[in-house]
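Good morning, and thank you for coming.

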Amino acid sequence: MGNAESAVVHKRLVRFRPHERPVIEGVFDRLQSASSSCSSASSGKAPARKVLLLDTLKVTMGKMASDAMIRRVFEGICSVDPGVSLPPGGGASREQLVIFLADTLRGTAEERAPLIMAMAHGTNGTASPDQIRGFLEDLIAAVVQILTHRGRLRGWRPDRMGDGDQGVKLLAEQLSSELKPPDQNTCDVACLEDWLFRVSGVATFLELLIGEGLEVGLTSSPSPILLPQCRDAPWSELRCLLDLPLLMFLTPQLPAGYSSQWRLLFSTNIHGESFTRLVGNCKGGGPTVLLVKDTKGHIFGGFVSHSWELKPQFQGDSRCFLFSVFPSMRVFISTGYNQHYMYLNQGQQTMPNGLGMGGQHGYFGLWLDYDFGRGHSRARPRCTTYGSPQLSGDEDFTVDTVEVWGVGLPPEEQEQDENKRSVLDADPEVQAIMEMTGKTLYSKVLREPEDNEG
């Protein structure tokens, strides 16, 4: 950028490693080159431009985002104050693009908030919650489009999953529900800053969009992994309740280590409407995510941190939670009032037979009766264990679909992994390695064989 480089630009570039700074500074020229190539092919000449135009962005981002989202990105770039005079005639300058890249990829909530205000079409420093939700819908849809286009679905099949467009709207509504505007109709920059500080997913989605959409390859910042690995799902038979936005919502809610991979344990679409089959497939299967759809169209479920076991007592711990999917995405965690986290019983005459989470006998937050096909969500005003409201369309509901997904390593593989660690912990040579080189090398010893190749 030469001697005309503004102090604002220099301050932003310092955030990047020395070998990354030319990458950030080179994005402007690369975008211009790509646009000029397309222009040359169509018109026979390549006009030189000193500004970034909307059409230039569309050439690079067209396969990653909708025109509406690309326009939002362009408006965000144009909203930046670069600290130097802007070129006449409209468009965005090189300095504006560099600052925008630095603030979206490495910025603080304070720096990102004005950009989101501009991308949400805010005026006079304010935007309505509806405008923020509209921005989120375009952003989440772009993230899904990027994951699909880049082949990062990790074994998931959107064509065999739930309504992704509906999922986009539900996740956008959930994220926007976290806003705390000074009044009900207006969000200012301070409100957005507070929101971004509390809701990290928005910055993650924005970072993915800008990093992938503008093809900014930074070796120190690999693209975030938003989906767990789907393991051996029978997609030819399965039509599952999950969709990609729902996975993007649920995965961060799970305890650390439980979101690495998901595997289908039970689905009424495949295994039929059998409580015995449900119990047999899930018992001893490790932590699970349960999803239920009732005949009124409501979708809801729960996460349990322990294997389901048949016993007349409550099980689990405070890591368990209930959630709703439709008509709204929400998570309901332990209130600490009691320890009625999960319950499974069958074939008893003196205790309830079925599967339940939260509340108490006869008044569960979520209950599936052993006489498969019926259940209830009796939580008025709230479930005592999780603080959840009624999750189903009717208090006593009829089941349409049930799915159970095992999350994390299967118990047998988890045991093998723990045994491996125990052996290494007891090995004097490993102890010597730890003393000489510290835990960094120790962690390398514990990697899977394929990670040590090369």
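I begin with aspartate 232, which counts as exposed because its relative accessibility is 72%. By definition, a residue is buried under 20% relative accessible area, exposed over 50% and partly exposed in between, with a 1.4 Å probe and protein chains only. What you see is a predicted model, in which local features need pLDDT of at least 70 and side-chain atom pairs count only at pLDDT 80 or more, whereas totals for chains, interfaces and linings use all residues. Residues are numbered from 1 along each chain as its sequence is written, and side-chain values use heavy atoms, with hydrogens and water left out.

Which residue forms a salt bridge with aspartate 232? The partner is arginine 231, and the closest N and O atoms are 4.0 Å apart. The term salt bridge stands for a side-chain nitrogen of Lys or Arg within 4 Å of a carboxyl oxygen of Asp or Glu. Arginine 231 is partly exposed, at 27% relative accessibility.

A further salt bridge brings together the side chains of arginine 319 and aspartate 317, at 2.9 Å from N to O. Here arginine 319 counts as partly exposed, with a relative accessibility of 35%.

In total, the structure holds 22 salt bridges. One of them links the side chains of arginine 15 and aspartate 103, at 3.1 Å from N to O. Arginine 15 lies in the loop between helix H1 (7–13) and helix H2 (21–43), and aspartate 103 lies in helix H5 (residues 94–106), so this pair ties together parts that are 88 residues apart in sequence. Helices (H or I, at least four residues) and strands (E, at least two) are DSSP runs, numbered from the N terminus. Arginine 15 is partly exposed at 27% relative accessibility, whereas aspartate 103 is buried, with a relative accessible area of 4%.

Let us turn to helix H6. This helix (residues 109–119) is mostly covered, with nine of its 11 residues buried. Among the buried residues are Glu111, Arg112 and Leu115. Just after H6, histidine 121 has a positive phi of about 65 degrees.

Next come the strands. Strand E11 (residues 354–360) is also mostly covered, since six of its seven residues are buried. Two strands pair if DSSP finds at least two bridges between them. E11 pairs with strand E10 (residues 342–345) in the antiparallel sense over three bridges, and tyrosine 343 stands opposite glycine 356 in E11. E11 also runs antiparallel to strand E12 (residues 363–369), to which six bridges join it. Aspartate 369 in E12 is the bridge partner of glycine 354. E11 and E12 form a hairpin with two residues between them, and glycine 362 in the turn has a positive phi of about 85 degrees.

Finally, I come to the pocket. A pocket is an open set of points on a 1 Å grid over the protein atoms alone, where a 1.4 Å probe fits, with protein on both sides within 12 Å along at least five of seven lines; lining residues have an atom within 4 Å of a point. The largest pocket has a volume of about 610 Å³. Its lining has 25 residues, and the closest to its centre are Met248, Phe249, Thr251, Pro252 and Gln253. Helix H10 (200–213) is one of the helices that supply at least two lining residues, and H10 gives the largest share, four residues.

How values were computed: Points joined across faces, edges and corners; volume = space filled by probe spheres on them.
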